[in-house]
Amino acid sequence: MTFVRGFAAEVRKGMIGLLAGWREVLLEMITFPLFYLLVVLFMGRGQLRADLLPPVLLGMVALTFVHEQVNRVFWSYLGDIRSGVLEQTYLTPLPSAASILGRQVAAVIAAVPAALAVLATGVAAVALQGGRLPLDAQVIVPLAAIVLGTCGLALILCGLCLVLRRIEIVTQLSVALYAVAGGTLVPLAALPEPVAFLSRLVVPIAPGIEAMRDILLGGHSLAALPTGWGLGWLLAQPLLITAAGVVLFHRLENVARHRGTLARS
């Protein structure tokens, strides 16, 4: 019961913060769609080209989600470290797993509005060009893979912030790296082979984006994905990233307890 209550309390705290920051959420629901349109305009040399809108849209939805989810978890965790709240939490019977899992769930929910705003903008832009974004229930699998892999990434970053100072820049650099070399804006097939290999290997949104493009734009099934490393890797990669996140977080959590860095300015 302690675990359940702690988990529910973290989710509730995240939702209260989301509602309290509704102006920020509204701003993000405007800026991210505008950024998507500007990217397509730039890539299309001043035109919203019909051949660019759908593939860039799928990448931009994933990029928006990973940006929002990772940053919300990371900054809430770092804020509790700096305020001393996290150290006090470890003095209670509450399992640390309940706290971090509750933060993850709250961050996933909070990331949805901005991602949906980008999606709605893209669908409208495609419709204005006389096109239509196909729907396929199979896309749920790559979406779930993106969510799980992103949670694993957030775990890794939260673990690092327990033992390292000035870790904030890593979150911003990682998201920028995904935008440039993660297959979000430019398909991995168009990137140098070593870059594509590393992206498929470690970027939590890369296999999911490729799979979504294959399913929605290419009309392929999950069992016959022509790009990337297939369905097996689509399912395995987020599980491996999450497992690595759990192990790393647990070990760094123990290191932080030993060093006494659960609270710092």
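Trainee: Which residues does aspartate 214 touch, leaving out those up to four places away in sequence?
Mentor: Gly219, His220, Leu225, Pro226 and Thr227. Bear in mind that this is a predicted model.
Trainee: Where does aspartate 214 lie?
Mentor: In helix H9.
Trainee: Is aspartate 214 buried or exposed?
Mentor: Buried. Its relative accessible area is 8%, and the cut-off for buried is under 20%.
Trainee: How far is aspartate 214 from alanine 224?
Mentor: Their C-alpha atoms are separated by 9.1 Å. Along the chain they are 10 residues apart.

Trainee: Switching to H8. Which residues are buried there?
Mentor: Ala196, Ser199 and Arg200, in a helix that runs over residues 193-202. They span an arc of only 95° around the axis, so they sit on the same side of H8.
Trainee: What covers the buried residues of H8?
Mentor: The cover includes H7, helix H9 (206-217) and helix H10 (230-259).
Trainee: And which exposed residues are on the face turned away from the buried side?
Mentor: Pro194 and Val202.

Trainee: What does leucine 191 touch, not counting residues up to four places away in sequence?
Mentor: Ala181 and Val186. Leucine 191 and alanine 181 are 10 residues apart in sequence and 7.7 Å apart in space, C-alpha to C-alpha.

Trainee: Now H3 and H7. How do their axes cross?
Mentor: At roughly 175°, coming within 10 Å. H3 covers residues 53-83 and H7 covers 168-181. The two helices are therefore roughly antiparallel.
Trainee: What kinds of residues make up the contact of H3 with H7?
Mentor: They divide into 8 nonpolar, 4 polar and 2 charged.
Trainee: Which ones meet?
Mentor: From H3: Leu63, Val66, His67, Asn71, Phe74, Trp75, Leu78 and Arg82. From H7: Glu168, Thr171, Gln172, Val175, Tyr178 and Ala179.

Trainee: On to the largest nonpolar core. How many residues, and which touch the most other members?
Mentor: It has 67 residues. Tyr36, Tyr77, Leu162, Ile205 and Phe249 touch the most other members.
Trainee: Which elements give two or more residues to this core?
Mentor: Helix H2 (22-43), H3, helix H5 (96-128), helix H6 (140-163), H7, H9 and H10. H3 gives the most, with 16 residues.
Trainee: What does tyrosine 36 touch, beyond residues up to four places away in sequence?
Mentor: Leu53, Val56, Leu57, Met60, Val118, Thr121 and Gly122.

Trainee: What is phi for arginine 45?
Mentor: Near 55°, a positive value in a residue other than glycine. Most residues other than glycine have a negative phi.
Trainee: Where is arginine 45? Buried or exposed?
Mentor: It is in the loop between H2 and H3. Arginine 45 counts as exposed, at 80% relative accessibility.

Trainee: Last one, methionine 15. Which helix?
Mentor: H1, residues 2-20. Methionine 15 counts as partly exposed, at 21% relative accessibility.
Trainee: What is methionine 15 in contact with, leaving aside neighbours within four places in sequence?
Mentor: Ala106 and Ile109.
Trainee: And how far apart are methionine 15 and glycine 131?
Mentor: Their C-alpha atoms are separated by 36 Å. Along the chain they are 116 residues apart.

Notes
Residues numbered from 1 in each chain as written. Predicted model: local features only at pLDDT ≥ 70, side-chain atom pairs only at ≥ 80, totals over all residues. Heavy atoms only, no water. Axes fitted to C-alpha atoms, helices over the stretch in contact; angles between N-to-C directions. Helix = DSSP H or I, 4+ residues; strand = E, 2+ residues; numbered from the N terminus. Parallel < 35°, antiparallel > 145°, perpendicular 65-115°, else oblique. Contact = heavy atoms within 4.5 Å. Nonpolar A, V, L, I, M, F, W, Y, C, P; charged D, E, K, R; others polar. Buried < 20%, exposed > 50% of the residue type's maximum accessible area, 1.4 Å probe, protein only. Arc of directions from axis to C-beta. Core = buried A, V, L, I, M, F, W, Y, C linked by side-chain atoms within 4.5 Å.
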